Amino acid sequence: MQDIVDQFAGIIRAAAEDKAPLCIRGGGSKDFYGNHIPGRNNGVLDASAYAGIVDYERTELVLTARAGTRLADLETELRKHGQMMAFEPPHFEPAATLGGCIATGLSGPRRASAGAVRDFVLGVRMLDGRGDDLRFGGQVMKNVAGYDVSRLMTGSMGTLGLLLEISLKVLPLPAMETTLRIPMVEAEAIERMNLWAGKPLPVSATCFCDGELFVRLSGAEPAVRAAHAKLGGDEIDDGGVFWESVREQSHSFFQSGKSLWRLSIKSTAPPLPLPGKQLMEWGGALRWWADETGVDAGVARGIAKAAGGHATLFRSHESCADVFHPLEPAMLAIHQRIKEKFDPMGILNPGRMYPQY
């Protein structure tokens, strides 16, 4: 596999010398995500060939795999041993890879209870914009000292380097899971979810849509049964299918609207004054909005900011070069300085996150 790494490094060095942009890509399952830059598909560096599990210490709950490894293959291997990636990364397509998962930094329904993808990254191996082979972190938390560069790579959208290998903390599968459905209005759902978050309940996921609150309980059977009795609601038979539809955005909600906005806000924020349908996750901290009329981006971002967060244009039928919430000048300057250190020629996915770099 080292010959593949050498090939990647050679491509990056040649691009840096020519100052030619490179589009870093794994399985292409999240090509829709991020700023749509004209001509960004010219000069593609496809990392999917660098695949396979490097090390799996089951008793230590640590997995190291190459960036091109398919998420489906990793999850199959983990399930064989009763373990999982607890942040439930979305795939969107069968070709989804571990590298793309880390680069986009997206987490699924379990994120509010288990943690985000960045919380499970222990170490990375990467090629920077000079083609240098770098390693950060390790396979245990105590290997992280100083600035945690391995977690910095999470959500960087390939703008800082090409991920080669990632070490992750994994967790055991819960002994039991059940999903409850409880009819209620949105304001009540927000109040209930925040109330439950402060209690010792085995709530591993929540979702509110169309006047119904779905709650997933995970853990030991006695704890799950006791929580069900306390929360009430009807147990649904296809809970696994439901949460997969939310994670993979195959739920009918995600098929509506011209654009899909992702608003990350305070969990206690009241119902948002946005037209069209909304779906709520993460105890109210994540609000999906299906925009059917083409509301001005400034309106959506103003509402998100007033609710203590930010808004991302997650999907759109129209090309857009301003997908992510604009950064404050001081924060943008920090981003630019980090970009200059890792990618001095500015060749790696330029403009994918912000037009300024």
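The legends below describe several close-up views of one predicted model.

Because this is a predicted model, local features need pLDDT of at least 70 and side-chain atom pairs count only at pLDDT 80 or more, while totals for chains, interfaces and linings use all residues. Residues are numbered from 1 along each chain as its sequence is written, and side-chain values use heavy atoms, with hydrogens and water left out.

**View 1. The stacked rings of F214 and F242.**
A pair of aromatic rings is described by the distance of the centres and the angle of the planes. Rings of Phe, Tyr and Trp (for Trp, its six-membered ring) pair if their centres lie within 6.5 Å, and planes under 30 degrees apart count as stacked, over 60 as edge-to-face and the rest as tilted. The whole structure holds 15 aromatic pairs. In one of them, the ring centres of F214 and F242 are 4.1 Å apart and the planes stand at 25°, so this pair is stacked. The pair links distant parts of the chain, since F214 belongs to strand β12 (residues 212-219) and F242 to helix α8 (residues 239-247), 28 residues apart. Helices (H or I, at least four residues) and strands (E, at least two) are DSSP runs, numbered from the N terminus. Both F214 and F242 are buried, where buried means under 20% relative accessible area, exposed over 50% and partly exposed in between (1.4 Å probe, protein chains only).

**View 2. The tilted pair of F324 and Y354, and the aromatic cluster.**
The rings of F324 and Y354 form a tilted pair, with 6.1 Å from centre to centre and 55° between the planes. F324 lies in the loop between β17 (310-316) and α10 (329-342), whereas Y354 lies in the segment after α10, so the pair ties together parts that are 30 residues apart in sequence. Both F324 and Y354 are buried. These two residues also belong to one aromatic cluster, which is formed by F32, Y33, F92, F253, F254, W288, F314, F324 and Y354.

**View 3. Two charged side chains over ring faces.**
A charge sits over a ring if NZ of Lys or CZ of Arg is within 6 Å of the ring centre and within 35 degrees of the ring normal. R315 lies over the face of F92, at 5.1 Å from the ring centre, and K169 lies over the face of F120, at 5.2 Å from the ring centre.

**View 4. W288 and the largest nonpolar core.**
A nonpolar core is a set of buried Ala, Val, Leu, Ile, Met, Phe, Trp, Tyr and Cys residues joined through side-chain atoms within 4.5 Å. The largest core has 40 residues, and F253, L263, W288 and F314 touch the most other members. Two or more residues come from each of β11, α8, β14 (259-264), β16 (286-291), α9 (297-306) and β17, and β16 gives the most, with four residues. Another core, of 29 residues, lies apart from this one and includes A96, V117, M126 and L160. Leaving aside neighbours within four places in sequence, W288 is in contact (heavy atoms within 4.5 Å) with residues including F253, F254, L260, W261 and F314.

**View 5. An open sheet of eight strands.**
Two strands pair if DSSP finds at least two bridges between them. The strand order is β13-β10-β12-β11-β15-β16-β14-β17, with antiparallel pairing. The edge strands, β13 (234-235) and β17, each pair on one side only. Strand β10 (residues 176-183) runs antiparallel to β12 and is joined to β12 by eight bridges, and T178 stands opposite L217 in β12.

**View 6. Two residues with positive phi, E88 and D210.**
Although E88 is not a glycine, its phi is positive, at about 50°. E88 lies in the loop between β5 (83-84) and α3 (98-104), and is buried, with a relative accessible area of 13%. D210, also a residue other than glycine, has a positive phi near 55°. D210 lies in the loop between β11 (203-209) and β12, and counts as exposed at 59% relative accessibility.

**View 7. R151 and the backbone of D119.**
R151 lies in helix α5 (residues 149-152) and counts as buried, at 18% relative accessibility. The side chain of R151 reaches the backbone oxygen of D119 at 3.4 Å.

Methods
Polar contact = N/O pair within 3.5 Å; in protein donor to acceptor, adjacent residues only side chain to side chain.
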